[in-house]
Amino acid sequence: MTHMIYPQTNLNATEQLIIERGEGAYVYDNQGKKYLEGMAGLWCTSLGYAHPELMATVNEQLARLSYSHMFGGKTHPQGMALADELAAMVPVEDAQVFFGNSGSDANDTQIKLLRYYFNAIGKPEKRKIITRQRAYHGVTVAAGALTSLPVNLQFFDAPEEALGILRTDHPHYFTGRQGDETEAQFVDRITANLEALILREGPDTIAAFIAEPVTGASGVIVPPAGYYDKVQAILNKYDILFWADEVITGFGRLGEDFGCNAMGIQKPDMMSFAKQLSSAYYPISAAVIRGDMKEAIVEQSGKVGAFGHGYTYSGHPVACATALKVLEIYKRDKLFDHAATLGAYLQTKLQQFADHPLVGEVRGKGMVAALEMVSNKITGEGFADGSLGAYAISRCQEHGLILRAVAGNSLAVCPPLIINESHVDEICSVLGKVLDETLDH
Ligand code: PLP
C-alpha cells in the first residue's frame, strides 16, 4: 500500500504492476520483465519510449527556458511556432489554438470558447451541446459531464443542465442495432433521432455537437459508412458546430493525419487534441477553433477586459518544444503513411479472431482496434460484468503484452505508431493464446 489514490482503478485491487523504464515499444517492470506496450500507454506514446531526439529536445528546452507563461501579453518562440505549425496542419478554417495540459481541460476550454463566441455574436441562447451515449471526453467537471460512461458519472452530479448537455445515440451498429435492421437503416434511425432532438430542443439553443471520430474508451466504435455525412448534413441545416474530439484520433492513429480526414468529416469547426500531440513526452493539449470564432472572441475580450481563461501551464515552453519536435518527426519519418500501411496489416491480422467462440466483433481503423468478447456470438449479448476482460488483460500481462479492457469486455489494441509487422505478429500471437485461456477460464 502506498499513499496514492490511483486514477481509474478499483481501489480494492491489491496487485499493481510497477513499471520502471521504457525503450522503443517496450516497457520493463521492477523485476526486469519486458512488456510490449500494446496500448501506447493510454493511447498516447506514439513514438515509443526513450526516443533520443525527444530526450534531447526536452533537455535543451529545460536549459534554454524551463518555464514562462502566456498571461497578459507574454509569449515565447516555441509556443508561437507550435500554434502556427498546428494551424497549418488541421482541417479547421483559419485555425486558432489555445494550449492546455490535458484532453479534459481542452474540452473544458472549448465549452468556454463556445460560450464566449456565441455571446460575442449576439446569440447567447445558443449554448447547448450534444454529446453521444458512451462518449468519453474526460473527467474534469465540465468534460466529465460530456462523458457518458456510467462509471465516470457515479456520485457526481454532473452539471448537465447548467452546461446544456444533451445526449444522442452512439453509432455502434453491433450493440445498437434493433432487430434485423441493416447498417444503413441503423444510420437512418439514429440520425433521425438526432434531428428530432434538435427540433425538440430548438436549433437556436444548440451550439455544438461533439464526437470522437472513432471512440476509444467506449470500445473503439467505428461508425458505419454514411453516418458522419448524415450527421454533418443535419448540423449544417440547423447551424450547429461540429466539434471533433481528436484526443485519441489525432496525429496518425487512424492511418491519416486526423480522425476527421480518415472518417470523411469535412471541415470541423473545433478540434481538441492532447496525447499524441507530444507523444506523451510532456503534457500538453490544444483547443482549436475557426478563425472567425477567434475574431469575435478577440473583440469581446476588449469589451469585457480580458479573455478570462488560462492555466499556469498553458503553452508550457518545454511542452511546446517537445510537441514541435514530435510533429517534425511525424512528418520526416512519414509516420502517418506508416500507420496506414501497418494499420491495414494489423486490422487484417486481427480478423483471424473473428471466428473465435468468445469474440463477437473485431473492429478498428488504422492503428487502433478492439476485440469484443461476448456470451452470445449471434446476438452480440455481453457478459454481466467486466471480469472476463480484466482476466484476459491479466493473462496478456503474464505473456508480456500490455493491452486494456474497455467498455467491459472489449480488448483494446493501440500500439505506438513506430512498431513494425513483427510487433503486430507478437500482439496476435499473445492474443490467440489469451482468448483460448479466457475461454477455458
Ligand atoms: N477525450 C478523449 C477522446 C479521450 O480519450 C480522453 C482520454 O482518454 C480525454 C478526452 C481526456 O484526456 P485526459 O485524460 O488527458 O484529460
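Guide: The radius of gyration used here is taken over C-alpha atoms, and the globule rule is 2.2 Å times the number of residues to the power 0.38. For 441 residues, that rule puts a compact globule near 22 Å, and the protein has 22 Å, which agrees. Along the principal axes, the C-alpha atoms fill a box of roughly 65 × 60 × 45 Å.

This is a predicted model, in which local features need pLDDT of at least 70 and side-chain atom pairs count only at pLDDT 80 or more, while totals for chains, interfaces and linings use all residues. Residues are numbered from 1 along each chain as its sequence is written.

The protein has 16 helices and 15 strands; these are DSSP runs numbered from the N terminus, helices being H or I of at least four residues and strands E of at least two. Two packed helices are described by the angle between their axes and the distance between the axes. Axes are lines fitted to C-alpha atoms, for helices over the stretch in contact, and angles run from 0 to 180 degrees between N-to-C directions.

Start with H3 (residues 77-89) and H13 (residues 317-332), whose axes come within 8 Å and cross at roughly 40 degrees. H3 and H13 are therefore oblique to each other; angles under 35 degrees count as roughly parallel, over 145 as roughly antiparallel, 65 to 115 as roughly perpendicular and the rest as oblique. H3 passes H13 in a left-handed crossing, meaning that the near helix is turned anticlockwise from the far one by less than a right angle, whereas clockwise is right-handed. From H3, Gln 78, Gly 79, Ala 81, Leu 82 and Glu 85 meet Pro 317, Cys 320, Ala 321, Ala 323, Leu 324 and Leu 327 of H13, contact being C-beta atoms, placed from the backbone, within 7 Å. These residues divide into eight nonpolar, two polar and one charged. Ala, Val, Leu, Ile, Met, Phe, Trp, Tyr, Cys and Pro count as nonpolar, Asp, Glu, Lys and Arg as charged, and the others, Gly among them, as polar.

Next, H9 (residues 183-201) packs with H10 (residues 227-237) at about 20 degrees, with axes 10 Å apart. H9 and H10 are therefore roughly parallel to each other, and their crossing is right-handed. Val 187, Thr 191, Leu 194, Glu 195 and Ile 198 of H9 meet Tyr 227, Lys 230, Val 231 and Ile 234 of H10. By class, this contact has six nonpolar, one polar and two charged residues.

Finally, H14 (residues 335-350) and H16 (residues 421-440) pack at an angle of about 20 degrees, with their axes 10 Å apart. H14 passes H16 in a right-handed crossing. The contact is made by Leu 342, Tyr 345, Leu 346, Lys 349 and Leu 350 of H14 with Glu 421, Val 424 and Cys 428 of H16. Its residues comprise six nonpolar, no polar and two charged.

Key:
Two residues are in contact if their C-beta atoms, placed from the backbone, lie within 7 Å.
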